[in-house]
Amino acid sequence: MLFSSITFLIYFLPCMVLVYFLAPGRMKNTVLLLGSLIFYGWGEPKYLPVMAAVILAGYLSARLIGTCQNKRQSKILLAAAVLLEIFPLIYCKYADFFIQNLNVLTGQKIPLLSIAMPLGISFYTFQVISYTVDVYRGDVPAQKNLLTFAAYVAMFPQLVAGPIVRYSDIRSQLENRMHSVEKCAYGIRRFVTGLSKKILIANVLGELIGQFQASEEKSVLFFWMYAVAFMLQIYFDFSGYSDMAIGLGRILGFQFPENFNYPLISRSVKEFWRRWHISLSSWFRDYVYIPLGGSRVKTGLYVRNVIAVWMLTGLWHGASWNFVLWGAGFGVLLLCERFLWGKWLERMPSIISHLYLLFIILLSFILFSADTIPQAMQRIGGLFGAGKLPVISVQSVYYLRSYGLLLIFAAIVATPLPVTAFNRFMKTKAGS
C-alpha cells in the first residue's frame, strides 16, 4: 500500500485516524500497531512473520543486554543480536546477488532464489539494530513493553521510505505524546506537500524518463533531459515520501527527524550528504563509521573507513555492482575533497562550486538508475555525443516542449526560493 494510492488515501488513512483518535490514550499504541500491521500486510501478508521475527529478536536481545552485567558477555550478545536481526535483510535482499557472483567466480550454475523484497525491511531492520546498539551503549534503557516496541518498529508512516527513526528520537513520545489541532494542521499541510511532490512532479518526470528509455531516437539533448529529469525525479519522489511520513507522524503525535534539506543547493559532496537522506547518513556515521574509528585514526585506516562505509551505503540502496560503485565513488570524492581540492573548492565562486556538485550528482544518478555498469557508461557517454549521436532530434525537441516548463519548475522548487518568497509575502501581508 503506497501513500499515494487510492486505497490508502480514501480508505485506510481516514479509518486509521478516526479509530486512533477515538481510542483512549492507553490504547493508542495498540491501535497504531494493529493499523500498521494491516498497512504492512495489505499486499504481502506472508512477510508479516519476517517483521515479527525481527521485532522479537530486537526486543529479547535488548532485554538480555540490558540486564547483563558482564561487558564481554554483552559484546557477545550484541554481535549475536545484530547478526540475527540483519539476517532476514541479507537473505531477502542480497542472497541472489551473492549467488550470481559466486556463479561467475566458480562457473557453477546455482539457481537463484528469486525472493521478493519485503516492504520496508531495510528501514525497520536498521531501526532495530540502532535500538539494540543504543541499549548496549547505555544510551537508552531496554523497552519492557513488547507492544510498545512493536508499535515503534512497525509504525506505518516511516515504513515505506523512511526516515530512519531511532528509538531514542521518539522514546518519550511512545509513552506519552500530546495531540493538538495545530499539530494535526501542520501534519496535513506537510503530508499534502509531500503528496504533491510525488504526484505532480516526481510521477510526471517519471513519464519523461519512461519515454527516454523506450525511445529509439536518442540524441545528446535527450540524454541531458533524461539525466536532469531523473536527478529531480528521485529527489522529489524520496523527499516527497519523507514529507508525507513526517506529516503523518505529526498527525499521530510524533515528531520525526527531518530527512532532506534542499540537497541540490549544495556546493560540495560533503555538504550534499549532510542534506540528502540525513537519517541514513547519520545512521552509518554513528553505527558503522565511528565504531570503525572514524577520522581519529591513521590516514590509511581513515581511507579504509570512508570507502567501507560508502560501499555499504551503496549496497543498502540495492544489490548490484552499480550501487557498490555508486557508493564507493562518493567515498572517493569525499576523500578527494578532504585531501586534494576541498579548500580550493571553498574559495571558488559559489556558482562554480554549485555546478561542480550538480554535475557530480547528475552523473552519479545515471549510474544509480542503470541496470548494469555498461549501460551506465553508455548513458554517460550519450551526454557527450558518444556513438556519433546527433545533438538534437525531432523527438527530443518534442519532449523538451512538452516537459521543459516542468523541468524548470521542478528545478526552482528544489531550492528554498519558493518557501522564502512565500514567507516574505506572509510577513508583508501580516504587517499591512
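I count a contact when heavy atoms lie within 4.5 Å. I also keep in mind that this is a predicted model.

**Entry 1: H3 against H5.** I began with helix H3 (residues 48-67) and helix H5 (residues 121-137). Their axes come within 9 Å and cross at roughly 5°. Angles under 35 degrees count as roughly parallel, so I logged H3 and H5 as roughly parallel to each other. Next I listed who touches whom. H3 brings Val50, Met51, Val54, Gly58, Ser61, Ala62, Ile65 and Gly66. H5 answers with Ile121, Tyr124, Val128, Tyr131, Thr132, Val135 and Tyr136. I sorted the residues of this contact by class: eleven are nonpolar, four are polar and none is charged.

**Entry 2: H9 against H15.** I moved to helix H9 (residues 220-251) and helix H15 (residues 373-382). The axes are 8 Å apart, and the packing angle is about 115°. From H9, the contact uses Val220, Phe223 and Tyr226. From H15, it uses Gln378, Arg379 and Gly382. By class I noted three nonpolar residues, two polar and one charged.

**Entry 3: His277.** Where does His277 sit? I found it in the loop between helix H10 (269-275) and helix H11 (278-289). His277 is in contact with Phe123, Phe238, Asn259, Phe260, Trp316 and His317.

**Entry 4: cysteines.** How many disulfides does the structure hold? I found zero. Cys68 has 19%, so it is buried. Cys92 has 12%, so Cys92 is buried too.

**Entry 5: the whole chain.** I stepped back to the fold. The protein chain has 17 helices and zero strands. Its C-alpha atoms fill a box of roughly 65 × 65 × 50 Å along the principal axes. For 432 residues, a compact globule would have a radius of gyration near 22 Å. The chain has 23 Å, so I noted that the value agrees. Buried residues make up 52% of the 432 residues. Last, I took contacts between residues at least 6 apart in sequence. Of these, 74% join residues at least 24 apart.

Methods:
Residues are numbered from 1 along each chain as its sequence is written. This is a predicted model: local features need pLDDT of at least 70, side-chain atom pairs count only at pLDDT 80 or more; totals for chains, interfaces and linings use all residues. Side-chain values use heavy atoms; hydrogens and water are left out. Axes are lines fitted to C-alpha atoms, for helices over the stretch in contact, and angles run from 0 to 180 degrees between N-to-C directions. Helices (H or I, at least four residues) and strands (E, at least two) are DSSP runs, numbered from the N terminus. Angles under 35 degrees count as roughly parallel, over 145 as roughly antiparallel, 65 to 115 as roughly perpendicular and the rest as oblique. Ala, Val, Leu, Ile, Met, Phe, Trp, Tyr, Cys and Pro count as nonpolar, Asp, Glu, Lys and Arg as charged, and the others, Gly among them, as polar. A disulfide is a pair of cysteine sulfur atoms within 2.5 Å. Buried means under 20% relative accessible area, exposed over 50%, partly exposed in between (1.4 Å probe, protein chains only). The radius of gyration is taken over C-alpha atoms; the globule rule is 2.2 Å times the number of residues to the power 0.38. Lists of a residue's contacts leave out its neighbours within four places in sequence.
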